[in-house]
Amino acid sequence: MGNARVIAITNQKGGVAKTTTAVCLASGLNERGKKSLLIDTDPQYNATDTYRAQVNNVATLYDVMIDGLDAREAIQHTDAGDIIAGDPQLNAAAKKLPDGFKKYFVLSKAIEPLKEIYDYIILDTPPQIGDWLYNALVASDSCIVPVSPDRYAFQGLNDLADTINDIKTQKPDFRISGLLLVRTNSQRSLAKETLDSIPQVCKALDTKCYKTKIRDAEVVKKSQANRMTLFQWEKEVHRRQLVATDYRNFIDEVMGED
């Protein structure tokens, strides 16, 4: 334990299972016996809701980043795992960050003590470029980018690439760990444009595409509606879920990178 690997899950395109991936990675690592912390940097705080964490009358990421609270005091211990909750107050709080480049390093400094507590720290990020995304990326060692297999799959990746190049000016070792194909459907082949584009996109971003493909499944929505991770939902219904198996295979790939 300690010297945590910090991974941001990010994509500026909506509907690409970003939060689902963050939640599954963090909770699945816990399932493997790894001590993992999920940090919800998205003001919409969907990951917080799935973890059944509290937002009102408790310390959240807002208190850590705006009020300077020790991040260890904002950790909530839930059945899904440990989390620092997101907060809708973050929407209007960017103006309270320090001036200049210092504002992008607030989260990085805040989580430093946590790296000695956890094996992995997973950051769910907002679906738009801004101060919270920059903070999440600067705080991370690398990011994973979920992409859906449609003709617009790589829409927005140029903007993300520009953002990451900005990050690299401050953190030269920062990288994209890989692209993760999500919401695939075995009943239809992946869009040919997507398949043909993957090698070119990976080369441009200096990354790889994970071998595991995450299939599309209604059970994802059901688990979210019941405020459970996919792995908790499996236990709830006493039935193996193929999409949960996909995420476990993906977690094997992530752990194999260590």
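Me: Which residues does Leu61 touch, not counting residues up to four places away in sequence?
Reply: This is a predicted model, so keep that in mind throughout. Leu61 touches Ile39, Asp40, Thr41, Ile84, Ala85, Leu90 and Leu107. Touching here means heavy atoms within 4.5 Å.

Me: Where is Leu61 placed?
Reply: Leu61 is in helix H3, which covers residues 61–65.

Me: Why does Leu61 count as buried?
Reply: Its relative accessibility is 1%. Buried means under 20%. The value for Leu61 is under that cut-off, so Leu61 counts as buried.

Me: How far is the C-alpha atom of Leu61 from that of Thr229?
Reply: The two C-alpha atoms are separated by 21 Å. Along the chain, Leu61 and Thr229 are 168 residues apart.

Me: What is a disulfide, in general?
Reply: It is a covalent bond between the sulfur atoms of two cysteines.

Me: How many disulfides does the rule give here?
Reply: The count is 0. To qualify, a pair of cysteine sulfur atoms must lie within 2.5 Å.

Me: How do you know that Cys143 is in no disulfide?
Reply: Look at the nearest cysteine sulfur, which belongs to Cys202. That sulfur is 12 Å away. The limit is 2.5 Å, so Cys143 has no partner.

Me: Are Cys143 and Cys202 buried or exposed?
Reply: Cys143 has 0% relative accessibility, so it counts as buried. Cys202 has a relative accessible area of 7%, so Cys202 is buried as well.

Me: How much of the whole protein is buried?
Reply: Buried residues make up 56% of the 258 residues.

Me: How many helices and strands does the protein have?
Reply: There are 10 helices and 7 strands.

Me: Why is the protein called as compact as a globular protein of its length?
Reply: Its radius of gyration is 17 Å. The globule rule gives 18 Å for 258 residues.

Me: What share of contacts with a separation of 6 or more joins residues 24 or more positions apart?
Reply: The share is 80%.

Methods
Residues numbered from 1 in each chain as written. Predicted model: local features only at pLDDT ≥ 70, side-chain atom pairs only at ≥ 80, totals over all residues. Heavy atoms only, no water. Helix = DSSP H or I, 4+ residues; strand = E, 2+ residues; numbered from the N terminus. Rg over C-alpha atoms; globule rule 2.2 N^0.38 Å. Buried < 20%, exposed > 50% of the residue type's maximum accessible area, 1.4 Å probe, protein only.
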